[in-house]
Amino acid sequence: VDDEITGNGDLIYPIGLVNTDEVVLAGGYNTSNSGYYLYTGNYYWTMSPVDFNNGYASVRRVHSDGGGYRSGYVNGLIGVRPTLNLIPNSLKVGSGTADDPWRIAD
């Protein structure tokens, strides 16, 4: 994370929650989409704020149909999706499935 050339130089901890930009760039904007890697069939929060009103924070969420266009007040129990920031070429082997997970290079 101390390599400022690849863009991660300011990160103290290279882990966080998915944000709206990442959802949109992956294919989950303004429509349902069950064909991209962030689709789970469940609702989950992003870390992207929308507004604060009547004592509640509103945050962008991904809908169960895969669309990243909705927001909701953070007063319900739905999931989150973590993100890890890795250096290029750090995934050494694996296909990303439960039976064959990706493994990070030493």
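Tutor: Start with contact, which means heavy atoms within 4.5 Å. Leaving aside neighbours within four places in sequence, S48 is in contact with N19, T20, V59 and R60. A word on the source: this is a predicted model, where local features need pLDDT of at least 70, side-chain atom pairs count only at pLDDT 80 or more, and totals for chains, interfaces and linings use all residues. Residues are numbered from 1 along each chain as its sequence is written, and side-chain values use heavy atoms, with hydrogens and water left out.

Student: Where is the place of S48?

Tutor: Helices (H or I, at least four residues) and strands (E, at least two) are DSSP runs, numbered from the N terminus. S48 is in strand β2, residues 44-53.

Student: Is S48 buried or exposed?

Tutor: Buried means under 20% relative accessible area, exposed means over 50%, and partly exposed is in between (1.4 Å probe, protein chains only). S48 has 14%, so S48 is buried.

Student: Which residues make up the largest nonpolar core?

Tutor: A nonpolar core is a set of buried Ala, Val, Leu, Ile, Met, Phe, Trp, Tyr and Cys residues joined through side-chain atoms within 4.5 Å. Here the largest has 6 residues: V18, V23, Y36, L38, Y44 and V62. Take Y36. Not counting residues up to four places away in sequence, Y36 touches V23, A26, G27, G28, V62 and G66.

Student: Where does G66 lie?

Tutor: G66 lies in the loop between β3 and β4. Its relative accessible area is 0%, so G66 is buried. Beyond four places in sequence, the contacts of G66 are G28, T31, N33, Y36 and Y39. T31 is 35 residues from G66 along the chain, yet their C-alpha atoms are separated by 7.8 Å.

Student: How many aromatic pairs are there?

Tutor: Rings of Phe, Tyr and Trp (its six-membered ring) pair if their centres lie within 6.5 Å; planes under 30 degrees apart count as stacked, over 60 as edge-to-face and the rest as tilted. The count here is 1. Y56 and Y73 form a tilted pair, 6.0 Å centre to centre, with 45 degrees between the planes. Y56 lies in strand β3 (residues 56-62) and Y73 in strand β4 (residues 70-73), so the pair ties together parts 17 residues apart in sequence. Y56 is partly exposed, at 39% relative accessible area. Y73 is partly exposed too, at 34%.

Student: Is I15 buried or exposed?

Tutor: I15 has a relative accessible area of 53%, so I15 is exposed. Its place is in strand β1, residues 15-17.
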